[in-house]
Amino acid sequence: MSDYVVKIPVLKTLKDAVYGLPYKHLILFAIVNSIYLFCFEFIQGGFSNLLSILWLFAYYIFWCVFFRYYYHKKPYFFIPNILGSLIPSTKMFFLVIVISVLLGLLPYLPLLMGFDDKYLMFFESYMYQLQNAQINILNMFALSMILMLIFPIILCRPFLAFISSVQGLNGSLKKAWKKSSGNYWQFVLLVFLLNIPCVIIYEMDKYIGCNGYLNLVFYSFFFVYYNLVFAKVYDFFYSE
């Protein structure tokens, strides 16, 4: 007999996440998150700067504490479980790198297969347009669509394993994959709906001329909500 497949109630999950934390606590986490994001703005060169590694480590600990707080796992700052959560996180990072490299190599594949000069001319034109492409809503939407199709593989399911491990529970990717099997398109829809306000706020920030500050305020709250959404997804699959 085949295993019974449960489907994520996407709209209900998004709604329940709004009430995932008491509003006072939600605002507190959003304020701390905004401090992290604001500090990152002062790191020259962004992720190309080695200081960003320290920032990432501190930011990672912040979200570990967030999930331990959400699940009432005291002490909230518990080093063994935080270190244990690095196992699924590293696997998730590895998946992102592998998929990114494969996607980056796709345009070169015809060249390696010996296609003629016509493709070489097309490839040179493609690379030129890619390097000089303007950042607009259409380009962002196209990129988002590509990412949304691979997010269930490289982010959504590994994220469930991370949430489990940070609580000191089984952080197996295999278990996360098995529990959430048959939900590929539900994950795609979930990420798609979460992406809509991001695109809207980005365009509003650019239109109003806020120089990124509207984005900063928005993401201070949105990242907290985003993690609450996946906490609800985790609850749906792991509550037995």
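1. A nonpolar patch, as the term is used in this note, is made of residues with over 30% relative accessible area and no salt bridge, whose nonpolar side chains are joined within 5 Å. The structure under review is a predicted model. On its surface, Ile27, Ile31, Ile35, Val217 and Phe221 form such a patch, and together they have about 450 Å² of accessible area.

2. The elements that contribute two or more residues to this nonpolar patch are H2 and H11. Helix H2 supplies the largest share, namely three residues. With a relative accessible area of 49%, Ile35 is classed as partly exposed, because the term exposed is kept for values over 50%.

3. The next topic is the aromatic rings. The structure holds 34 aromatic pairs. In one of them, the ring centres of Phe40 and Trp55 are 4.7 Å apart and the ring planes stand at 45 degrees, so the pair is tilted. Phe40 belongs to helix H2 (residues 23-40) and Trp55 to helix H3 (residues 51-70), so this contact ties together parts that are 15 residues apart in sequence. Both Phe40 and Trp55 are buried.

4. A further pair is formed by Phe159 and Phe230, whose ring centres lie 5.2 Å apart; their planes are at 50 degrees, so this pair is also tilted. The pair links distant parts of the chain, with Phe159 in helix H8 (residues 137-166) and Phe230 in helix H11 (residues 213-238), 71 residues apart. Phe159 is buried, and Phe230 is buried as well.

5. The charged end of Arg157 is placed over the ring of Trp177, at 4.4 Å from the ring centre. In a second case, the charged end of Lys179 sits over the ring of Tyr238, and here the distance to the centre is 5.3 Å.

6. The last point concerns cysteine. How many disulfides does the structure hold? The number is zero. Cys156 has 0% relative accessibility and therefore counts as buried. Cys198, with a relative accessible area of 10%, is buried too, because the limit for this class is under 20%.

Definitions and conventions:
Residues numbered from 1 in each chain as written. Predicted model: local features only at pLDDT ≥ 70, side-chain atom pairs only at ≥ 80, totals over all residues. Heavy atoms only, no water. Phe/Tyr/Trp six-rings, centres within 6.5 Å; stacked < 30°, edge-to-face > 60°. Helix = DSSP H or I, 4+ residues; strand = E, 2+ residues; numbered from the N terminus. Buried < 20%, exposed > 50% of the residue type's maximum accessible area, 1.4 Å probe, protein only. Lys NZ or Arg CZ within 6 Å of the ring centre and 35° of its normal. Patch = residues over 30% accessible without salt bridge, like charges linked within 9 Å, V, L, I, M, F, W, Y side chains within 5 Å. Areas by Shrake-Rupley, 256 points an atom, 1.4 Å probe, with all protein chains shown as cover. Salt bridge = Lys/Arg side-chain N within 4 Å of Asp/Glu carboxyl O. Disulfide = S-S within 2.5 Å.
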